[in-house]
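User: I have a model open and would like to talk through what holds it together. Could you take me through it step by step?

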Amino acid sequence: MKLYPLQFKPILKERIWGGTKLRDCLSKPITSDITGESWEISTVENDVSVIENGLFEGKLLTELIAEFPKEILGTKVYEQFGDQFPLLFKFLDAREDLSIQVHPNDELAKKRHNSFGKTEMWYVMQADDDASLIVGFKEKSSKDEYLQNLNNKTLLNILDTKKVKKGDVFFLETGTVHAIGAGTLIAEIQQTSDITYRLYDFDRVDASGKTRELHVDLALDAINYNVVNTEKHYSKKENVSNEIVDCPYFTTNFLPLKDTISISKSNNSFTVYMCVDGDFTLIVNGDSYHYGKGKTVLVPAAITSIQLSGEASILEIYIS
């Protein structure tokens, strides 16, 4: 059995706020003009990624993990999570504003939904002029103040809005009220969870004239009403892994590749590479695999020595 870098068929999601950038910028095979998400690597129930390259083509990621848990996940990850794949990787295209929402922490998500919480990170791949994000409160708030503004439709008055540009990164711990704004193309790394509490949706209706469900009551105990610092500043030194986020759920580095580099690692964790610009070649045991902008690859933990070659901006993700 010879493991190799794994690619997956994108799981494409139509969203009321979606557009066409996933096709136009990232070459995803979308067939709808309201495609909002491309799930790159997922083991969410009913949305499990299918391998699209090599010997294991057509297999579900969960099936391969069941066969080779430590080899795929890593010894340390397997000890912590068993045969569960703990992360979810996406690209998102927001043609319109997403709803204002919040995600529960591990404890609340386990109790209510038997799920992980949803700590997440956004890397802005492209942003239209004046594009922005909502990330937390401007000043320390409370349940009462929040509810008063929600009921008066003045919630935006107390939320913190940040204008964004390509390369900006935001790290959102659970409980942070947030929304991705119109005109942004985002690479997202998060815990394996699809639990979202929608607070406000700008009174939008879908094609059938229906509003989307809100989760006002569920959100009350999930929200962090304190001011949070979500924006991450990071080094961009070429040909090295520049740390952006290091949290209990994942570590993300920014790797500006301009040459050929060799990487040696332990077998504690899998590594995922998301190509956010340019293109690169990954070399394993003399075999070459090519990836362009918008491609995501999972390097099994059992592969501990690789080379990367090309000119690209890459997000490197693993669990430390």
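Analyst: Let me begin with a term that we will need: a salt bridge here is a side-chain nitrogen of Lys or Arg within 4 Å of a carboxyl oxygen of Asp or Glu. Please keep in mind throughout that this is a predicted model. With that cut-off, Lys258 forms a salt bridge with Glu311, the closest N and O atoms being 3.5 Å apart.

User: Where do Lys258 and Glu311 sit in the chain?

Analyst: Lys258 is in the loop between β16 (251-257) and β17 (260-264), whereas Glu311 belongs to strand β21 (residues 305-318), and the pair links parts of the chain that are 53 residues apart. Lys258 counts as partly exposed at 42% relative accessibility, while Glu311 is exposed, with a relative accessible area of 53%.

User: And how many salt bridges does the structure hold?

Analyst: There are 21 salt bridges in the structure. Another of them pairs Asp221 with Lys143, with 2.7 Å between the closest N and O atoms. Asp221 lies in the loop between α7 (216-220) and β14, and Lys143 in helix α6 (residues 143-151), so this pair ties together parts that are 78 residues apart in sequence. Lys143 is partly exposed, at 37% relative accessibility.

User: What about Asp201, buried or exposed?

Analyst: Asp201 is buried, with a relative accessible area of 5%. Its side chain meets that of Arg212 in a salt bridge, at 3.0 Å from N to O, and both residues are in the loop between β13 (197-200) and α7, 11 residues apart.

User: Which residues share partners with those two in a network?

Analyst: Salt bridges with shared partners join Arg95, Glu96, Asp201, Arg204 and Arg212 into one network.

User: Going back to β17, which strand is it bridged to, and what is on its two faces?

Analyst: Five bridges join β17 to β21, and the two strands run antiparallel; one example is Thr260, whose bridge partner in β21 is Ser309. As for its faces, Ile261 and Ile263 make up the covered one, while Thr260, Ser262 and Ser264 are on the uncovered one. As background, the side chains in a regular strand alternate between the two faces of the sheet.

User: Which residues touch the most other members of the largest nonpolar core?

Analyst: That core has 62 residues, and Leu308 and Leu315 touch the most other members. Strand β18 (residues 271-284) gives the most to this core, with eight residues. Leaving aside residues up to four places away in sequence, Leu308 has contacts that include Leu255, Leu257, Ile261, Ile263, Tyr273 and Phe280. Apart from this core lies another, of 21 residues, among them Leu108, Ile134, Tyr200 and Ala219.

User: How many aromatic pairs turn up?

Analyst: A search of the whole structure finds 11 aromatic pairs. Tyr123 and Phe254 form a stacked one, 6.1 Å centre to centre with 20° between the planes. Tyr123 is in strand β7 (residues 120-127) and Phe254 in strand β16, so the pair ties together parts that are 131 residues apart in sequence. Tyr123 is buried, at 4% relative accessible area, and Phe254 also counts as buried, at 5%.

User: What geometry do Tyr234 and Phe254 have?

Analyst: Tyr234 and Phe254 are edge-to-face, at 5.4 Å centre to centre and 65° between the planes. Tyr234 is in the loop between β14 and β15 (242-246), 20 residues from Phe254, and both are buried.

User: Last one: where is Ser49, and what does its side chain do?

Analyst: Ser49 is in the loop between β4 (47-48) and α2 (61-67), and at 0% relative accessibility Ser49 counts as buried. A polar atom of the Ser49 side chain lies 2.8 Å from the backbone nitrogen of Ser42. Among the other residues that Ser49 touches are Phe8, Ile11, Lys59 and Leu60.

Notes: Residues are numbered from 1 along each chain as its sequence is written. This is a predicted model: local features need pLDDT of at least 70, side-chain atom pairs count only at pLDDT 80 or more; totals for chains, interfaces and linings use all residues. Side-chain values use heavy atoms; hydrogens and water are left out. Helices (H or I, at least four residues) and strands (E, at least two) are DSSP runs, numbered from the N terminus. Buried means under 20% relative accessible area, exposed over 50%, partly exposed in between (1.4 Å probe, protein chains only). A nonpolar core is a set of buried Ala, Val, Leu, Ile, Met, Phe, Trp, Tyr and Cys residues joined through side-chain atoms within 4.5 Å. Contact means heavy atoms within 4.5 Å. A polar contact is a pair of N or O atoms within 3.5 Å; within protein, one must be able to donate a hydrogen and the other to accept it, and residues adjacent in sequence count only if both atoms are side-chain atoms. Two strands pair if DSSP finds at least two bridges between them. Rings of Phe, Tyr and Trp (its six-membered ring) pair if their centres lie within 6.5 Å; planes under 30 degrees apart count as stacked, over 60 as edge-to-face and the rest as tilted.
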